Amino acid sequence: MPHRMRSYLGALFRRSRLESDMDREMRLHLELYYDDLVRSGISPDEARRRAGAQFGSLERMKEECRESRGLAWSDEFVRNVRYAVRTLRRSPAFTLAAILTLALCIGANTAIFSVIDAVLLRPLPFPEPDRLAQIVTLYHSKSAEGVDDSQDGRTWEMLRDHATFLDTAASGGGWSGANLATGGRARYVDEQRVTAGYFAVLGVRPVIGREFTREEDRPGGPPVAMIGHSLWTNLFAADPSIVGRSILVKGEPHTVVGVMPAGFRMLGPADVWTPLRPTTTGEGSGTNYGVIARLRPGTTWVQAASQVEALGQRLLEGKRIPPETRVRYTAIPMQTGLSNELRTTLLIIQGAVALVLVIGCVNIAGLMLARAGSRTREIATRAALGGGRSVVIRQLLTESLVIAIAGGLASIGLGYAGIRALSLVAEDSLGVWQNIRLDWRVLVATMVVSVMTSIVFGLLPAVRASRVDIRTALSEGGARGVAGSSSRWPRRLLVAGEVALAFVLLVSAALLIRTFIALRDLSPGFDGTGVMTAAISLDDARYNTSANMMRLFTNSLERIRATPGVESAAVALSIPYERWLNMGARRLDGPAPGRIPITTLNYVTPGFFDTLRIPVRSGRPIDDRDTSESRKVAMVNEAFLRRYLKDQDPLSSHIGLGGSDQPIAIIGVTGNVQQRPGWGGGIPLSTPPAVYVPASQMESETLKVVHVWFSPHWIVRGTGGRESLTAAMQRAVEATDPLLPFSKFKTLDAVRDRTLIRQRFQAILLGTLAGLALLLAAVGLYGMIANTVVERTREIGIRMALGATAAQVIRAVVAPGILIAVVGLGTGAVLAAFSIRALRSLIYGVESSDAWSWGAAAICLLVVAAAGSLLPSFRITRANPAATLRYD
Amino acid sequence: MGKSADLLPGTLDMLILKAVSLGPLHGYGVLLRIGQISKNLLDIEQGSLYPALYRLEHQGLIESEWGTSDNNRRAKFYRLTAEGVRRLRAETRQWGVFASAVANVLSATPEEV
């Protein structure tokens, strides 16, 4: 009823007014009554007495008035809150532990879930995102299944021309840099190549200008480009007349046709877009395109997917498909496609953080149980003094609420901090390009879970305690020397559960840390100390012939080598720890000539193996004798030898590369180096078969395609330190071509760290979560033992008075703690054995039964458990038996 | 005060509403008015008056305003609201039904059963 609400709110917020009104009104009443009595002839003293008696207790009446205004409840609440804050301040350890537990659990869950939300749940930042699709190839075989989101030129043309249920568009796979020159200065910018209609499919229009037309997107079409908003504002002062003007991209003038809106981004960052110009030859002969699509109006997903599958069947006719493998094309929601790779990682992390939440809740429950246990007497006293059971329960409820609210507020801060930290690393380490925002739904949901835990477990004992026979409870401490043990079991089970869950997390973290260390410490196969590298994009009109490229390499390398402090220098298409070009090959001689399924390919200049100190096992390295005129030669690595040439003498063998049968003589065998493999299911580093050819013997046509995907690296070894090597490289290239910018300069260690960044992230994150779980479990154990010590102080006093040594008493108190830890560890081991399976896809180089990981986790847990149990028991040694006997 | 009748539970509110329906009154005035119109047969326990007044005001049946009493003192005057008028009418009707029913019961003779 609105009137009552107003009256209640008026009473609540204009409290002083209500009080003074009430006071004046009642005083007037008393005066009038007194006057009447005196007037009727009663003596003033007697009148005053009667008035007072008749009116009863003024305060009780006022209280009734307040109650009739609905104020009693809020009065009691305020009182309860004050009392709760006072009580909680008296036990800061408990309060801090409870609030911190809540804050950490809620905060961590919110932060991690916000990442999941950004990647898996929140719709993509495009209009009608639920109608956006990605075209993928699904592989099913007995041993494996996979999703491939890259397509070849034939597939693209089939989809473009016949998929009537979908508007399709394609982009070039991978991100290579491009050279952009303005005002006599060149910079290395991010470029993305897209087909006509790419932005229309996404539903994003350029802020000015237009996107590419079909004419511009044909091979041989006019050089056009679109630019990103930040490039437009930073380089061209947001001048709208940029559209129609010409900018120097990739060594030739491109006409700007449009500018994309601020913040537009699809996958990686891009400053410049150029037409993809898809073909079925060259780049398009392999699966190098990503195809996206938008469902046409009125089309259902089922229709679209079955049309794509039917078109795919036609493409698959005549293709070699491995036996017992099913391949089909389909359209899947774009969000699913884009998050495919991350999903497992994110869900594992979410699982871990949810475990921490469970441990936290268990901890809160344990803390609350302990607190109520030690307050049985207080509750009984209050009950004896006339506090009704409901009053006591409301009081305890208020305490739980105060803790919950404090923890909740702290968790918002922690959640924000967590999100900030994750945002900083998410793009680099996880490839998360969406904006990560605090997810309020989860914050509220986790808060409800934790708050409910604290309330339920805060209340259960209260209900139990308030049912307690007042006399027994009050006399308990005095009458019984040994504290009751039956009520301790729920808590022991909770702590054992905590320990078990913490162990699961510890083993998982240990395995991921071992994975990271194993990968980092893999024998690199080369010596990268004192080596700097940087890439230059040669996807550039001025370097589209082999001769031009070689002139650049020779001139710049000569200048670099002439710099004091430089020992050696070389150029290679790819460097260790990065992904190399995949290539099919043929064995042309030996006992079994024929197809070689796949190898990696690298072109190098003379001096490459010296500069990286990659050992040459037999034959000779590529050197100055190998020119464009001389006989075609190649080196292979040991992995190639073992896999493809094991039955023949490598140094008298010939291979053909790509589709060509032109013989290439193998002149030497080198050691393996670590690479990021382009096939073979997610392992971050391995030593696949590799072929090295002289840069001078690369065909111009091949170079053009290869340089779209890969930027060659200048590799320099020297004694001068990073700065001087960097300067030498920059000067040398500038002197050769002032409009050729280097990308970032990096050491090979940095390249390795970049490749392993996800493993590192996973190890750190899970390690942190496991540490948190361990801490919470330790707090749980500590609290339990500390509580036992307090409860049993009298018993301990008696024992010590009877001659028990401190060590004996400590053993008696600590033993249950250790026992619980061991039981928890055993349970945890069983749980871990099952849950580790979820981690399998993230573990490399170590077995999931890795003794080191399990042992370290167990030792870690036991040490912490022992510490958590021992610390509170030291109080015993300081105790004075006489004092403990008096203690109740 | 043996001569006064005990109040039935729930009748105090009705009496207060009736008292203020005759004209705005302060708390003590309500007491006097009830005494006066009941010819001092009904005696209100003073301690329960104010909680009742506050309750009725909270329910929106009466409203209050500060004014000046007969002997020039600041006093809070209560008057009936429209809602209060309706309630008083309903209560009066119910009371009539109730009272006559009770009277019928009490006047019943064995023959009528």
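Visitor: What is the bridge partner of A:Asn179 in strand 6 of chain A?

Guide: Start with the terms. Helices (H or I, at least four residues) and strands (E, at least two) are DSSP runs, numbered from the N terminus. Two strands pair if DSSP finds at least two bridges between them. In this predicted model, A:Asn179 has A:Tyr188 in strand 6 of chain A as its bridge partner. Strand 5 (residues 177-182) and strand 6 (residues 185-194) of chain A run antiparallel, joined by 6 bridges. They form a hairpin with 2 residues between them. In the turn, A:Gly183 has a positive phi of about 55°.

Visitor: Which residue stands opposite A:Ala181 in strand 9 of chain A?

Guide: A:Leu248. Strand 5 of chain A pairs with strand 9 (residues 246-249) of chain A over 2 bridges, in the antiparallel sense.

Visitor: How many residues of chain A are in contact with chain B?

Guide: Contact means that C-beta atoms, placed from the backbone, lie within 7 Å. Here 19 residues of chain A touch 15 residues of chain B. Helix 2 of chain A gives the largest share of chain A's side, 8 residues.

Visitor: Where does pLDDT stay under 50 in chain A?

Guide: pLDDT is the predictor's confidence in each residue, from 0 to 100. Chain A averages 85, and 91% of its residues score at least 70. Residues 476-486 of chain A stay under 50. Where pLDDT is low, the predicted coordinates should not be read in detail.

Visitor: What conventions apply?

Guide: Residues count from 1 along each chain as its sequence is written, while chains are lettered from A and ligands numbered from 1 in the order in which they are written. Local features need pLDDT of at least 70, side-chain atom pairs count only at pLDDT 80 or more, and totals for chains, interfaces and linings use all residues.

Methods: Two residues are in contact if their C-beta atoms, placed from the backbone, lie within 7 Å.
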